[in-house]
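This briefing covers how two chains meet and how the copies are related.

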Number of protein chains: 2
Amino acid sequence: MTQTYHARIYVTLRPSVLDPAGTAVQSGLKHLGYDNVEGVRIGKYVELTLQAGTAEEAEGQLDRMCDQLLANPVIENYRFELVDAIAPASVSK
Amino acid sequence: MTQTYHARIYVTLRPSVLDPAGTAVQSGLKHLGYDNVEGVRIGKYVELTLQAGTAEEAEGQLDRMCDQLLANPVIENYRFELVDAIAPASVSK
């Protein structure tokens, strides 16, 4: 029997890789008066639902999905977490 | 005296807003054989460091930054968390 798992995946640029989008956002914040902000880095956040027999199986699949499609392992890191398998992953404000 | 706070900000499309990028990723995953995946939604993940007197002050500033620049409140939700104020926010794997 398969279960439904909700996953949250975070894809970030490796620390050694320049992040021009982050630099642009930091500059934008500075222009708005937030000159106390530093080290802005922008990544991707992916939410999805998958069916799997066990949490371990779901994690193995997520690992492969990230390596194959969701992240570019040359320049990006990723991490993910499985959330409550019954209630839908809700994101508020 | 100000303290250093690390923040993680998650920006997601509101549930009522279509997510063509998420649909494309879901289709890509299906073509790779992951036909057990549904509800793919893509958002932004921002990491930054800021100086503030208190955690409350930092949270207030983050709220305003999100409303003014980091998120589009018409179509996006956001949430954020303050991480350990001393050790740098590290993202592994």
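The model is predicted: local features need pLDDT of at least 70, side-chain atom pairs count only at pLDDT 80 or more, and totals for chains, interfaces and linings use all residues. Side-chain values use heavy atoms, with hydrogens and water left out.

**Interface**
- In contact (heavy atoms within 4.5 Å) are 37 residues of chain B and 37 residues of chain A.
- Of the interface residues of chain B, 100% are also interface residues in chain A, so the copies meet through the same surface.
- The buried area (accessible area, 1.4 Å probe, that two parts lose on being put together, summed over both) is about 3400 Å², and carbon and sulfur atoms give 57% of this.
- The rule finds zero salt bridges between chain B and chain A, a salt bridge being a side-chain nitrogen of Lys or Arg within 4 Å of a carboxyl oxygen of Asp or Glu.

**Strand pairing**
- Strands are DSSP runs (E, at least two residues) numbered from the N terminus, and two of them pair if DSSP finds at least two bridges between them.
- Strand β2 (residues 37-52) of chain A and β2(B) run antiparallel and are joined by eleven bridges.
- Opposite Glu38(A) stands Thr49(B), in β2(B).

Technical notes:
Residues are numbered from 1 along each chain as its sequence is written. Chains are lettered from A and ligands numbered from 1 in the order in which they are written. Helices (H or I, at least four residues) and strands (E, at least two) are DSSP runs, numbered from the N terminus.
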